[in-house]
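Grab a pencil and work through these exercises with the structure open beside you. Each task comes with a solution that goes step by step.

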Amino acid sequence: MIRKFIKPALFAIAVISIFSCKTRTKTNGENDYAGSESCRECHENFYQLWEPSYHGQAMMPINAAFIAKHQLPNSKPIDVEGHLFTVEFLDSTMVMYERNGDRLIETYDVLWAMGGHNVYCFLTPFEKGKLQNIPLAYDANRKEWFNYPEAGIRHFGDEYPDDEALPWKDAMFAFNTGCYSCHISQLSTNFDLASETYHTTWREAGINCETCHGPGGDHVRIFKDLKEGEEAKELGLISTSVFTQEQHNDACAPCHAKMTPITPSYMPGDKYFDNYNITTLEDRDFYADGRSLGENYTMTEWMMNPCVDESQLHCVTCHTSSGRDRNKDNPDQSCLQCHNNRNEDLETHTGHPAEAGLTCLSCHMPKREFVGRFLRSDHSFRPPMPEATIKFGSPNACNQCHSDKSPQWANEIVKARPNGNYQDETLKWAQLIKEARDNDWKNVDKMFAYIRNPKTDYVVANSLIRLLGNYPDASKAGVLIEALNNQSELIRSSAAYGLSGIFTDDAKNALLQACQDEIRLVRIQAANAILMFPEDTFTAEQKTIIDKAEQEYVASMTARTDNWSNHYNLGLYHQNKGDAQAALNSYETAARLYPESLMPLINSSVLYSYVGNNQKAEENLKRVLEYDADNEAANLNLGLLLAEQGRLDEAEKALSAAVNANPGNQPVAAKNLSVIVAQRGDLAAAVKYASLAYKARPNDPDYAYTLAYYQSQNGQTSAAKKTLQQIIKSNPGYLTATSFLADIYLREGNKNMALKLYKDALKVEGISAQDRAALQQSITMLQQSM
């Protein structure tokens, strides 16, 4: 019996998962904190250095002393979202006014100031216990007020849409959810989830001594109780003087990193990746070559610093614990400890005369202004790379000084130097980062090679691993499994997460091992991936290992109950465990906490459809499209949902929007569009969409088969035969294509070619006994008819 070819069908609704958040937290627990004033009696000199420092003035109350000391001017009216805002300083208070034309809309009391060395930001009390950043900030360098939300817009380059300013009342500008833990000491949010209300408390404004040294109550008691001439047997607090290089860097990173907490607290001396995850170059907030595009808080660039790998350099080598520059009067001092040969011929090394006044920092740590008007120095210490500016738009030190010159001009000078090829390696991997961000996988083998190469910078390797999450081919499993043995805990964690959805025995065994890793971040990412395997595939001993990692994984998502993304990830967890109702509850909580968060609405729509509530599924998807009409995932899922209900005209519109949002890489929408347009008789359009789907997934025989089917229906028999031959060559066990091609040959009267196809298929290893019997029956019937 000749097997019949199959008409393509609509796909099921897709699930798209994203993990992204930026929060920070420390909790004080029951520890005995004494406050910075308790340090002053014995450490007056250090107190006087700390008090006016970046850390000491991280947050300041608005009072008569602040107003007298800082002498900020009142602002002129500034337009924010169509209203005019002004701020006014009185004797001991600060007030902000919101007006619509001449009409006063609201008056806001301003209670706190943050920063001030470059930019002053200000806080006003809001509903539900929030402190909100007001929309006006003061530029201390330009001596002017400016629109703070608009100053944060990123420009991602000509190929990508720009960022958009958030409303000033957005939760992202709330002190309680974003900036608090790097401006306040020993804070507790005391968030009540049921009422969505904060009862935030803290012990001290600014970053105090105990932030780095831990609670000082015992230390104060020990030294006050000492008798004359007696030596203390213990300090009673954390001594950073005995920290390793890693501990020093880890102690600064909680505030100086774009990161995600995985525990509710961190104490200096602990391992960073036992408490945090960190953003790397998978994020477009970094240029492809690793330079920061926005305010990324230094740490990711610092991890790319070759001096950190090749010496004992750490944050406190150059900075005091209060954030001051140790070598302000001699900026080359830290560098010349290792690079003393550079001092002998600085003119030759820099290519500039001595009178130019260049220091090591001029070229290797250029300071520039980021969005939001904040100033930061490049802590990667890498030399200027003007060719990266040409290719990726990233900044370089040459053109920061020579702003009247082009990057091409600077690049010619760099390349003429004796070591003028030093940019080459960065340009190679940066191009791969860019391609992976764009879902361009033509060089995926080179990406694999970089990940496997032990000499690859671990931030680069980690970024490529995370970007492989969008690579659909399971061939990535091998490189991810190998990466689980990498010495970098960050790489191991990302590799574990990347194995989600890969259900081979090798992946399972590797993830079991990763669940026992010494670093918490690796364990929880491994738990996230391994929990997608069926439980009955594990032994009792293996389940015990997984259960322990799972507990840590769940705890990481409940560390911050006010964080919408934690609830979103809990939804994914419950969904993977098969608990649809718990998943829906978590998704709805995430959407309630932050209505602008789109992924909870998208994923909940999938589950609502699964439990039969199509009305709620459609409602949530349309809520997404109210925020983002071009959202690819929402249009895709809405199109599939509508198609399943037979509302094909509406489905076509939504699926077309999904394809237009990502023309070269939306195979699910394109395939389903081919089915829909074919049903109304437009076979040419069906071929066009099926071709788009096939090009996006050339290794998936289902997409190729769909294309061949509509090519045949549209009278393109030669093209259909060619497509089917390609399927059979690459997937000889895909017998549906064999039957279809054989049917075409039979309709052409070419029984010999059909017979050859069946006989060749019979030789394929691994086909089932049932398929083998059907093939043999087709061969017998065909031979009898000849």
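The model here is predicted, so local features need pLDDT of at least 70 and side-chain atom pairs count only at pLDDT 80 or more, while totals for chains, interfaces and linings use all residues. Residues are numbered from 1 along each chain as its sequence is written, and side-chain values use heavy atoms, with hydrogens and water left out.

**Exercise 1: the whole protein**

Task: Find how many helices and strands there are in the protein, and compare its radius of gyration with the globule rule.

Solution. Start with the elements: the protein has 37 helices and 18 strands. Both are DSSP runs numbered from the N terminus (helices are H or I, at least four residues; strands are E, at least two).

Next, the radius of gyration, which is taken over C-alpha atoms, is 31 Å, close to the 28 Å that the globule rule gives for 786 residues, so the protein is as compact as a globular protein of that length. That rule is 2.2 Å times the number of residues to the power 0.38. Along the principal axes, the C-alpha trace spans about 110 × 65 × 60 Å.

Then look at cover: 51% of the 786 residues count as buried. The accessible surface comes to about 37100 Å², and 49% of it belongs to carbon and sulfur atoms. These areas come from the Shrake-Rupley method with a 1.4 Å probe; for residues, only the protein chains shown count as cover.

Last, take contacts (heavy atoms within 4.5 Å). Of those with a separation of 6 or more, 57% are between residues 24 or more positions apart.

**Exercise 2: a run of paired strands**

Task: Work out which strands pair with β6, and in what sense.

Solution. Two strands pair if DSSP finds at least two bridges between them. First, β1 (residues 59-61) pairs with β6 (residues 112-115) over 3 bridges in the antiparallel sense. Met60 has Ala113 in β6 as its bridge partner.

Second, β6 is joined to β7 (residues 119-125) by 4 bridges, again antiparallel. Here Trp112 stands opposite Leu123 in β7.

Finally, check the turn: the hairpin of β6 and β7 has 3 residues between the strands, and Gly116 takes a positive phi near 125° there.

**Exercise 3: salt bridges**

Solution. Side chains of opposite charge can pair when their charged atoms come close. The test is a side-chain nitrogen of Lys or Arg within 4 Å of a carboxyl oxygen of Asp or Glu. By this rule, the count is 37 salt bridges.

- Glu246 is in helix α7 (residues 245-252) and Lys271 in the loop between β15 (259-261) and β16 (276-278), so the pair ties together parts that are 25 residues apart in sequence. Glu246 is partly exposed at 37%, and Lys271 is partly exposed at 35%.
- Lys415 is partly exposed at 40%, whereas Glu387 is buried at 15%.
- Arg647 lies in the loop between α29 (632-644) and α30 (648-661), and Glu618 in helix α28 (residues 614-627), so the pair ties together parts that are 29 residues apart in sequence. Arg647 is partly exposed at 24%, but Glu618 is buried at 12%.

One more step: salt bridges that share partners join Asp139, Arg142, Glu144, Glu369 and Arg373 into one network.

**Exercise 4: aromatic rings**

Task: Decide whether the pair of Phe503 and Phe533 is stacked or edge-to-face.

Solution. Rings of Phe, Tyr and Trp (its six-membered ring) pair if their centres lie within 6.5 Å; planes under 30 degrees apart are stacked, over 60 edge-to-face, and the rest tilted. The structure holds 31 aromatic pairs. For Phe503 and Phe533, the centres are 5.2 Å apart with 75° between the planes, which makes the pair edge-to-face. Phe503 is partly exposed at 45%, while Phe533 is buried at 7%.

How values were computed
Buried means under 20% relative accessible area, exposed over 50%, partly exposed in between (1.4 Å probe, protein chains only).
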